[in-house]
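These are my notebook entries on a single structure. I looked up charged pairs, ring pairs and helix packing in turn.

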Amino acid sequence: MIVVVDERELVTEGYNSLFDREGVACAGFAPGEFDEWVSSAADDDLKSVRAFLIGDCREGSISPRQIRDRTGAPVIALSEQNSLENTLRLFESGVDDVVRKPVHIREILARITAIRRRAHEDVSYTEIGAMRIFMDGRDPEIDGEPLPLPRRERRILEYLASNRGRRVTKTQVFNAIYGIFDEQVEENVVESHISKLRKKLRERLGSDPIDSKRFLGYRLVC
């Protein structure tokens, strides 16, 4: 999930729509709401956040270092000012990157992946058995051949791969794929996506690489 903070509701709603087209969950906050949320959010909720995008906010209302106290997710400033002084000020505040608008959503996602890779939280891909699972939106490969997947199934596979060796619950998968504030989608949709994903992987691999246990969740196995 991507979290966008901006004083303008029209902007947060716009990013929500654009990220949704890429199959990425997004939640928008006004600065005051965000400050309260990031201070009190559960650790599992924060783990589902891939990055924070800070847009037009009153100076000093958002502290990147406060975010860093709770999570290691990248913090990226979205700047509408084309000035060196503003860029330097934003870096000094503690952000990981400054992006000048307008910018394509795919470029933002690529920058997020690059920052996480440098922080050793992500690699460009993960190999599990015959599978090569990319973390940048590309379809996975099995024995070197691409396996086309719908965006939600691809994101679920990426999330399971990023948590390799750990079991994740249905709620954690839902939060990562749909966002923790999407009340229009039922959590049980995860079971449907995973069922379809398992069928496709079984057909190509000859076995089921997703281990599931009732009430405990899912994990990828070799």
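**Entry 1: a ring pair**

I began with tyrosine 125, which is partly exposed at a relative accessible area of 33%; buried means under 20% relative accessible area, exposed over 50%, and partly exposed in between (1.4 Å probe, protein chains only). The model is a predicted one, in which local features need pLDDT of at least 70 and side-chain atom pairs count only at pLDDT 80 or more, while totals for chains, interfaces and linings use all residues. Residues are numbered from 1 along each chain as its sequence is written, and side-chain values use heavy atoms, with hydrogens and water left out.

I then looked up phenylalanine 134, which is buried, with a relative accessible area of 4%. The rings of tyrosine 125 and phenylalanine 134 have centres 6.0 Å apart and planes at 65°, so I recorded the pair as edge-to-face. The rule I used takes rings of Phe, Tyr and Trp (its six-membered ring) as a pair if their centres lie within 6.5 Å; planes under 30 degrees apart count as stacked, over 60 as edge-to-face and the rest as tilted.

**Entry 2: further rings**

By this rule I noted 7 aromatic pairs. One of them joins phenylalanine 29 to phenylalanine 34: the ring centres are 5.9 Å apart and the planes stand at 65°, so this pair is edge-to-face. Phenylalanine 29 is buried at 9% relative accessible area, and phenylalanine 34 is buried at 1%. I also found that Phe29, Phe34, Trp37 and Phe52 form one aromatic cluster.

**Entry 3: salt bridges**

I counted as a salt bridge any side-chain nitrogen of Lys or Arg within 4 Å of a carboxyl oxygen of Asp or Glu. How many salt bridges does the structure hold? The total is 21.

I looked up glutamate 80, whose salt bridge with arginine 8 has its closest N and O atoms 2.8 Å apart. Glutamate 80 lies in the loop between strand E4 (75-79) and helix H5 (84-93), and arginine 8 in the loop between strand E1 (2-5) and helix H1 (9-21), so the pair ties together parts 72 residues apart in sequence. Helices (H or I, at least four residues) and strands (E, at least two) are DSSP runs, numbered from the N terminus. Arginine 8 is partly exposed at 28% relative accessible area.

Next I looked up aspartate 20 and arginine 152, which form a salt bridge with the closest N and O atoms 3.0 Å apart. Aspartate 20 is in helix H1 and arginine 152 in helix H7 (residues 151-162), so this pair ties together parts 132 residues apart in sequence.

Aspartate 97 belongs to strand E5 (residues 97-100) and arginine 111 to helix H6 (residues 105-118), so the pair ties together parts 14 residues apart in sequence. I noted aspartate 97 as buried at 13% relative accessibility and arginine 111 as partly exposed at 29%. Salt bridges with shared partners join Asp6, Arg8, Asp56, Glu80 and Lys101 into one network.

**Entry 4: helix packing**

For axes I used lines fitted to C-alpha atoms, for helices over the stretch in contact, with angles from 0 to 180 degrees between N-to-C directions. The axes of H1 and H6 come within 10 Å and cross at roughly 80°. H1 is therefore roughly perpendicular to H6; angles under 35 degrees count as roughly parallel, over 145 as roughly antiparallel, 65 to 115 as roughly perpendicular and the rest as oblique. Which residues make the contact? They are Tyr15, Leu18 and Phe19 of H1 with Ile105, Ile108 and Leu109 of H6, where contact means heavy atoms within 4.5 Å. These residues divide into 6 nonpolar, no polar and no charged. Ala, Val, Leu, Ile, Met, Phe, Trp, Tyr, Cys and Pro count as nonpolar, Asp, Glu, Lys and Arg as charged, and the others, Gly among them, as polar.

I also looked up H7 and helix H9 (residues 189-205), which pack at about 80° with their axes 10 Å apart. H7 is thus roughly perpendicular to H9. The residues of this contact include Arg152 and Ile156 of H7 and His193 and Leu197 of H9. By class, the contact has 5 nonpolar, 1 polar and 4 charged residues.
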